[in-house]
Amino acid sequence: MKIENIDLDVKLMPFTINKEFRGIGTKSVYGIEMIKAKSIWQESDKGAGVKIAVIDSGCDINHESLKNNIIGVRNFTDEDKKNPNIVIDRVGHGTHVIGTICANGSNITGVAPDAQIYVLKAINRTGTGKLSWVINAIKYAIEQKVDIISMSLGLSENSPKLEKVVKEAVNSNILVVCAAGNEGDGNADSFEYSYPAAYVDVISVGAVDKKGVPAKFSNSNTSIDVVAPGVDILSTYPNNQFAVMSGTSMATPHVTGSLALLKNWSKNEFKRNLTQEELYAQLIKHTRVLDYSRTVQGNGLVYLKDEKNIKKIKY
């Protein structure tokens, strides 16, 4: 039997739940401050109208901080009798990721609080899913003409089928953002790869803590594009709750949300829609190089404040 005919298991990036909260007062979410998301909220309409497909474990679509952002759902797993309209999140991971992108409630705010989300469930209660579920979710996202696909999941081996559908998405002018993986050993010179993050066409995201120090668990390799906050991230959690989690899974939605903001900002700035290659270039322009190896940070920490535009130089 050829390897490409085997329906491989895809796993959520391992993540840790540091704390769960039933209800909280308004908290400053440090990641959003750290990447300076609010500095371009005005020029980017907070990501309004940007369509993002989150391929994950589902979502609590009735969460008070998320319900206004969700414009579509689809279940690709074997749960809930394969009902395509039920995307119950029994892991908590998907709800947490979506909150970092776009939470828009009284308690916490996401990076792009007016972005629109398609909840595409390809991971079941075990934290795993079939490769075919993920591929079908990507195909569905392409059909919906989304702007961005966000995935915090991975395989330890390359799959030609997965690579092909990721290429299809990119060729359809969709930005594909993936968690780099949490198999890191703290050594920048020993490389760990996870797919789809390792594909050249995707934006691979590593994690740093609130001091900008790379997380020990964050994969190092030659295909990391950027890093974002991924340690002790407070976000939404099923049953109208909130939780603090860590992982490259938590860094990825910071970048997804940033791209939603940059898409709208650049449309205002350039008076046209930028291609996914041009938006990638804008993301890289909006980074700060950290004092660590490039194999851990790629182009650096996403940083949306554009000092160059604060004072336009006159000659």
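Axes here are lines fitted to C-alpha atoms, for helices over the stretch in contact, and angles between N-to-C directions run from 0 to 180 degrees. The structure is a predicted model, in which local features need pLDDT of at least 70 and side-chain atom pairs count only at pLDDT 80 or more, while totals for chains, interfaces and linings use all residues. Residues are numbered from 1 along each chain as its sequence is written, and side-chain values use heavy atoms, with hydrogens and water left out.

Helices (H or I, at least four residues) and strands (E, at least two) are DSSP runs, numbered from the N terminus. On that basis the protein has eight helices and 15 strands. Its radius of gyration is 18 Å, close to the 20 Å that the globule rule gives for 315 residues, so the protein is as compact as a globular protein of that length. The radius is taken over C-alpha atoms, and the globule rule is 2.2 Å times the number of residues to the power 0.38. The C-alpha trace spans about 65 × 40 × 40 Å along the principal axes.

Two packed helices are described by the angle between their axes and the distance between the axes. For α6 (residues 248-270) and α7 (residues 276-285), the angle is about 105 degrees and the axes lie 10 Å apart. These two helices are therefore roughly perpendicular to each other; angles under 35 degrees count as roughly parallel, over 145 as roughly antiparallel, 65 to 115 as roughly perpendicular and the rest as oblique. In contact terms (heavy atoms within 4.5 Å), Val255, Leu259, Leu262, Lys263, Trp265, Ser266 and Phe270 of α6 meet Leu279, Gln282 and Leu283 of α7. This contact comprises seven nonpolar residues, two polar and one charged. Here Ala, Val, Leu, Ile, Met, Phe, Trp, Tyr, Cys and Pro count as nonpolar, Asp, Glu, Lys and Arg as charged, and the others, Gly among them, as polar.

Helix α6 also packs with α3 (residues 93-102), at an angle of about 35 degrees and with the axes 8 Å apart. The crossing of α3 and α6 is right-handed; a crossing is right-handed if the near helix is turned clockwise from the far one by less than a right angle, and left-handed if anticlockwise. On the α3 side, the contact is made by His93, His96, Val97, Thr100 and Ile101, and on the α6 side by Ser249, Met250, Pro253, His254, Thr256 and Gly257. By class, the residues of the α3 and α6 contact are four nonpolar, seven polar and no charged.

Turning to the sheet, three strands form an open, antiparallel arrangement in the order β6-β1-β8, where strands pair if DSSP finds at least two bridges between them. The edges are β6 (128-130) and β8 (153-154), each pairing on one side only. Strand β1 (residues 9-12) is joined to β8 by two bridges, and Leu12 has Leu153 of β8 as its bridge partner.

The axes of α4 and α5 (residues 160-171) come within 10 Å and cross at roughly 10 degrees, which makes α4 roughly parallel to α5. Their crossing is left-handed. The contact of α4 with α5 has nine nonpolar, no polar and three charged residues.

Finally, two backbone details deserve a look. Most residues other than glycine have a negative phi, and most peptide bonds are trans. Lys36, in the loop between α1 (30-34) and α2 (41-44), has a positive phi near 60 degrees. The peptide bond from Tyr195 to Pro196 is cis, with omega near 15 degrees, and Pro196 sits in the loop between β9 (175-179) and β10 (203-208).
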